Amino acid sequence: QVQLVESGGGSVQAGGSLTLSCVVSGATYSVSRYCMGWFRQAPGQEREKVALIDTADNTRYADSVKDRFTISKDNTKNTLDLQMNSLKPEDTGMYYCAARYNWGYNWRPCFEVAVYPTWGQGTQVTVSS
């Protein structure tokens, strides 16, 4: 059973930086075979996509975080990171790592995937003004 565990959240002032990490365990294959992404949910709001990365390491970002956040994965360590710079109060929320095995008969273009079956518990990010 694949498990995802996030870490790295915390409280920072606007303009600061944080790096979130997601460790993938229990997987038969490396994260190179997974669509992966970071999502966030602010209180009272729906969960939204923040950044995605596909099996070829192509990336896609929400407009609100473009040029500030960078998603990356390490296929040997089985980790997914999110480097967040120039943080704003509106970046506050619970950040979740998600994964979908994407190989063989199960393959889909990652950026068209609507459902991620595996989620972490989340890590809280709070940005104060």
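## Arginine 100 and its surroundings

Leaving aside neighbours within four places in sequence, arginine 100 is in contact with Arg33, Tyr34, Cys35, Asn106, Arg108, Val113, Val115, Tyr116 and Pro117. Contact here means heavy atoms within 4.5 Å. This is a predicted model: local features need pLDDT of at least 70, side-chain atom pairs count only at pLDDT 80 or more, and totals for chains, interfaces and linings use all residues. Residues are numbered from 1 along each chain as its sequence is written, and side-chain values use heavy atoms, with hydrogens and water left out.

Arginine 100 belongs to strand β9, residues 93-101. Strands (E, at least two residues) are DSSP runs, numbered from the N terminus. Arginine 100 is buried but has no salt bridge. Its nearest side chain of opposite charge is glutamate 112, 10 Å away. For charge, Lys and Arg count as positive and Asp and Glu as negative; His and the chain ends are not counted. Buried means under 20% relative accessible area, exposed over 50%, and partly exposed in between (1.4 Å probe, protein chains only). A salt bridge is a side-chain nitrogen of Lys or Arg within 4 Å of a carboxyl oxygen of Asp or Glu.

What does the side chain of arginine 100 make a polar contact with? The partner is the side chain of asparagine 102, at 2.5 Å. A polar contact is a pair of N or O atoms within 3.5 Å; within protein, one must be able to donate a hydrogen and the other to accept it, and residues adjacent in sequence count only if both atoms are side-chain atoms.

### Aromatic pairs

The count comes to five aromatic pairs. Rings of Phe, Tyr and Trp (its six-membered ring) pair if their centres lie within 6.5 Å; planes under 30 degrees apart count as stacked, over 60 as edge-to-face and the rest as tilted. Tyrosine 29 and tyrosine 101 are stacked, 5.6 Å centre to centre with 25° between the planes. Tyrosine 29 lies in the loop between β3 (18-25) and β4 (34-41) and tyrosine 101 in strand β9, so this pair ties together parts 72 residues apart in sequence. The rings of tyrosine 34 and tyrosine 101 are edge-to-face, because their planes stand at 70°, with centres 5.3 Å apart. That pair links strand β4 to strand β9, 67 residues apart.

Tyr29, Tyr34 and Tyr101 form one aromatic cluster. Tyrosine 34 is buried at 7% relative accessible area. Tyrosine 29 is partly exposed at 36%, and tyrosine 101 is partly exposed at 24%.

Charges also sit over rings (NZ of Lys or CZ of Arg within 6 Å of the ring centre and within 35 degrees of the ring normal). The charged end of arginine 33 is over tyrosine 29, 4.1 Å from the ring centre. Arginine 47 lies over the face of tyrosine 96, at 5.7 Å.

### Salt bridges

Five salt bridges are counted. Among them are these:

| Arginine 40 | Aspartate 91 | 2.9 Å |

Salt bridges that share partners join Arg40, Glu48, Arg68 and Asp91 into one network. Arginine 40 is buried at 4% relative accessible area, and aspartate 91 is buried at 0%. Arginine 68 is buried too. Lysine 73 is buried at 12%, whereas aspartate 57 is partly exposed at 38%.

Notes
Helices (H or I, at least four residues) and strands (E, at least two) are DSSP runs, numbered from the N terminus.
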